[in-house]
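This report describes selected features of one structure. It turns to aromatic rings, then to charges placed over rings, and finally to a sheet.

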Amino acid sequence: MIDRRAFVKAGSTSIAALALSPQLALPEGTRGSEHAVGRLTLPMNRNWRFSPRRADQDTARHFNDTTFERVTVPHTNHKVAWHSFDEKTYQFISIYRRHFTLPRVARGQHVFIDFEGAMAASTVWINGHRLGEYRGGYTPFSFELTPHVDWDHENVLAVELDSTERPDIPPFGGTIDYLTFGGIYREVALRCVPSTHLDNVFARPVNVLSDHPGVDVSCFVAHLATRAMPLTLEVELRDKDRVLASARTELASVTATLEPEEHKLTLSELGPVQRWDLEKPTLYTVVARIRQGTAVIDEDQRRIGFREARFTDHGFELNGRIVKLRGLNRHQTFPWVGQAMPARVQRRDAVILKKELKLNIVRTSHYPQSRHFLDACDELGLLVLEEIPGWQHTGDKQWQDLAVDNVGRMIRRDWNHPSIILWGVRINEANDNHDFYVRTNALAHRLDPSRQTGGVRNHYQSELLEDVFTNNDFGFPLDPPNHPLYLNTEFVGHTFPAKPYDHGSRLAEQSLRHARIHNQLGSMTQYAGGIGWCAFDYNTHAAFGGGDRMCYHGVSDIFRLPKPAASFYRAQCDPTDEIVLEPAFQWAARADWSAGLEGSEEGSSRPMRGLIWSNCERIAIHVDEKSVVDVEPDRENFPHLPHPPFFVDRNRLRGATLRMEGYLGPKVVIERTYNVDGVDREFMVVADDDVLNADGADTTRVVMRVTDEFGSLRRYSTAAISLTLEGPAELVGDNPFSLVGGGGAVWIRAREQAGKVVLRASHPVLGTRSVSLQIRAAERERV
Ligand code: GAL
C-alpha cells in the first residue's frame with residue numbers, strides 16, 4: 001500500500017532519524033503487556049473541510065479554512081443530475097483539509113495516511129510540507145507523515161485533488177465510455193505502526209482438494225529502522241475464535257530497508273476445513289503478528305477461502321467442478337453522487353447481482369472496485385474478474401508505467417479475496433502492445449502465482465500473453481473459441497440498449513439477446529461462459545449512449561431496478577434457490593407483446609408472441625379464470641440454457657385478468673396475476689435497510705414503484721413524487737422525483753446524530769407512503 005516513490009522522499013529522514021536508536025519505540029501502555037497490539041488504525045472520514053475553489057496558501061498549516069464546507073468521505077466534489085448533465089461540472093481542482101491531533105498512545109510510532117481512492121490525482125501536504133502526488137483514481141495510496149507530525153499540537157493534512165481527466169493518468173487520454181466523477185470517494189485512515197511492522201499479508205490456500213489442505217502465508221515485513229533486538233513473527237489460521245493451526249519464525253536483527261521483506265510460513269495439519277464454494281462460501285481468517293518477547297507490537301489479519309479455481313480447455317473449474325460462468329459487468333457509479341457511496345451501498349450491489357440476478361460472476365469493469373463490494377462477493381459466493389483502469393487507449397511510457405503500477409496495487413490490495421479468480425491485466429479493448437503487456441503479465445504472475453491472468457480485448461486476432469483469452473464478442477453468432485482457455489467478457493451492450501420505459505417489445509428483445517448468447521455459450525465446453533454488458537445503466541460522456549449522458553445497456557436501470565433482461569438472468573437459477581415466473585410483456589399494454597429473435601424489433605409483422613422467463617417446467621395460463629393454454633419452455637431453440645424462454649401466442653389470450661401457474665412436476669409452485677385495466681393502483685415505497693449508523697456516510701436506498709393491484713410494475717408511470725425527510729439524515733436524489741419506467745429510487749444518508757428518520761413520499765393520486773429508519777449512534781472517530 002505504501003507509495004514507494006513518496007516513501008523514498010518522505011521516509012528517508014525518518015529512517016535516518018530512527019537508525020540512531022535501534023530499540024523499538026513501543027507505544028505507551030503496550031510495553032511489557034501480554035495482549036497489547038501496537039498497530040493503531042484511526043479512521044479519518046469525518047470532519048474534512050472542502051472547497052471547490054483554490055485559494056492562496058490553502059495547503060499551508062495555518063490557512064483559515066473555517067468557511068470551508070464540512071464533509072464526510074465518501075464525498076463527491078459536485079452533485080449532478082441523474083442524467084443529462086455536463087460532465088465538465090465535476091472536473092476541477094479542489095482542496096480538502098483535515099485537522100487532527102495524534103493520540104498520546106501513537107507517540108513514537110510511524111504514522112501513515114492511507115487513502116483508499118480519490119479521483120484522480122492527489123497532492124498531499126502535512127503541516128505545509130508537500131509529500132508528493134499520487135496519480136490514479138481507483139487504487140490505494142499512502143504517505144508517511146512521521147517526520148512532519150507535531151505530536152503535541154494540531155496537525156493539518158491538505159489534499160489538492162485534481163478531478164480533471166488528465167491524459168497522463170489511466171484511464172484517460174482518449175474518450176472513455178463512463179464517467180469518473182471527482183472527490184475523495186473512498187475511506188481514509190491514519191495508520192500508526194512501529195518501525196518493524198506488517199506491510200501486507202498474502203495467504204494462499206494450497207492442496208485444497210486433497211485431504212491435507214494447507215495455507216502458504218507470505219508476510220511482508222517493513223523495517224523502517226535498523227533494529228538489533230530479535231522479534232518473532234507468527235501466523236495462525238482461525239475459524240472465528242478457534243485457532244486451527246499456527247506457525248512462527250524468528251526475525252533476525254536488520255538494517256532499515258525500503259522494500260518490505262517477504263517471510264514465508266506454512267500452516268498445515270488444519271484438520272477438516274470447509275471449502276469456499278458458490279453455494280456455501282465459507283471464510284477463515286489468517287492472523288499475523290509480530291512479537292517482541294511476549295508483547296505484540298503489530299498484528300493484522302486477512303480473510304481467506306479454501307477453493308481451487310482454474311480456467312481449463314473444457315471450461316472454468318471451481319473445486320474440480322465445471323461451472324459455466326454467467327455474469328455481467330458492473331460500473332461502480334450511482335445517480336447524483338457518482339462513485340461516492342459507502343460500504344453498505346457497495347455491498348448491496350453484490351447482493352443484487354448474486355441474489356436478485358442469480359449471477360455467478362461479475363467483472364469490475366473497468367477498474368479495481370470498492371473493497372466492500374469485494375468483501376460482499378467473498379461472503380456471498382460471487383466470482384470476480386478484476387481489472388486495471390483503462391479503456392481503448394494506452395498512453396506513453398510514463399502512462400504505461402502507471403498502468404503496470406496499478407497491476408501491483410490492485411493485486412497487493414486484493415490477493416486474499418477468494419472470489420477473485422482472474423486478474424485483468426490489459427487495458428480494456430486497447431490495441432496490442434507487446435512490451436507493455438509482457439510487463440503487466442510478468443508482474444501479476446510474480447506477485448500472485450496462484451491466479452491466472454486475462455486481459456480484455458475486442459480483436460479476435462490479438463496477441464495472447466495472458467493465460468485466458470478474454471474477449472468482447474458483440475456479434476451473433478459468436479466466434480468460436482480461438483484459444484483453449486476462452487471467456488467472453490462482453491456482449492449485447494450498445495448493440496441493443498433499452499430504457500426502462502421503452503416499448504415492451506424492445507425490452508423483451510434485449511432479454512432474448514442476452515439469452516441467445518448464453519445459449520450459444522452453453523453449446524461448447526470450451527466457452528468458459530460469459531459476462532454480458534452490463535448489470536446497471538450508467539452515466540457516460542456525450543460521445544456515447546442515449547444522448548443524455550446515459551448508457552441504457554443495463555439489464556437493470558441506474559437505480560438497480562430490473563428490466564425484463566434481468567428476469568432472464570434470474571430465471572436461470574435452480575428452482576431450489578428460488579422459483580421465478582416473470583413475463584417480459586405487460587398484460588395491460590396490448591401493443592407491447594411481440595417478442596422473438598431476428599426481425600422481431602418494433603414495427604415487425606411477426607405474430608404477437610408473449611415472452612415469459614421462468615425456471616418452472618410448465619406454465620398453465622388462465623384468462624378470466626378459464627384455462628387457455630399450457631406452455632413449455634422453448635427447448636428447441638434454446639437447448640443449452642438451464643431454463644429456456646416460454647412463448648405464448650397473444651391471439652389465444654383475450655380477456656381481463658391473466659393468471660399464470662408455474663409447475664414443477666405435478667405441483668403448482670408459483671402463481672402470478674395481472675389486470676388488463678391499465679390503471680395505476682398502488683404506490684409502494686421500500687427501504688433496503690431499516691437501521692443506519694450515525695457516521696455521516698452510511699446510506700440506504702429507498703425504492704419507489706407504481707403497480708397494478710397485483711403488484712406488477714406500471715412501466716409507463718411518470719408521476720412526480722414529493723419527498724419530505726425528517727430526522728438526522730440527508731436525501732440523495734431529486735425532490736420531487738419523477739418516476740422512471742414506473743419506478744426509481746432515492747438514497748438516505750445518515751448524519752452524525754442518532755435518532756429516527758422518516759421519509760414521506762407523496763404520489764399525486766395514490767397518496768403518501770412513509771418509511772422509517774433508525775439511525776444508531778456510531779463510534780466517534782478518535783482523531
Ligand atoms: C465495450 C466497452 C464497454 C462499453 C460497451 C458498450 O466496447 O468495453 O466499456 O463501452 O462496449 O456496449
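Rings of Phe, Tyr and Trp (its six-membered ring) pair if their centres lie within 6.5 Å; planes under 30 degrees apart count as stacked, over 60 as edge-to-face and the rest as tilted. By this rule the structure holds 27 aromatic pairs. The model is predicted: local features need pLDDT of at least 70, side-chain atom pairs count only at pLDDT 80 or more, and totals for chains, interfaces and linings use all residues. Residues are numbered from 1 along each chain as its sequence is written, and side-chain values use heavy atoms, with hydrogens and water left out.

Two of these pairs are given below.

| Pair | Centre to centre | Angle between planes | Class |
|---|---|---|---|
| Tyr178 and Tyr367 | 5.6 Å | 55° | tilted |
| Phe568 and Trp613 | 5.0 Å | 65° | edge-to-face |

Tyr178 and Tyr367 are 189 residues apart in the chain. Tyr178 is buried (under 20% relative accessible area, with exposed over 50% and partly exposed in between; 1.4 Å probe, protein chains only), at 1%. Tyr367 is buried as well, at 0%. Phe568 and Trp613 are both buried. Ring pairs also link Trp82, Phe334, Trp336, Phe559, Phe737 and Trp747 into a cluster.

A charge sits over a ring if NZ of Lys or CZ of Arg is within 6 Å of the ring centre and within 35 degrees of the ring normal. Arg204 lies over the face of Phe202, 4.6 Å from the ring centre, and the charged end of Arg506 is placed over Phe496, at 4.0 Å.

Note on methods. Helices (H or I, at least four residues) and strands (E, at least two) are DSSP runs, numbered from the N terminus.
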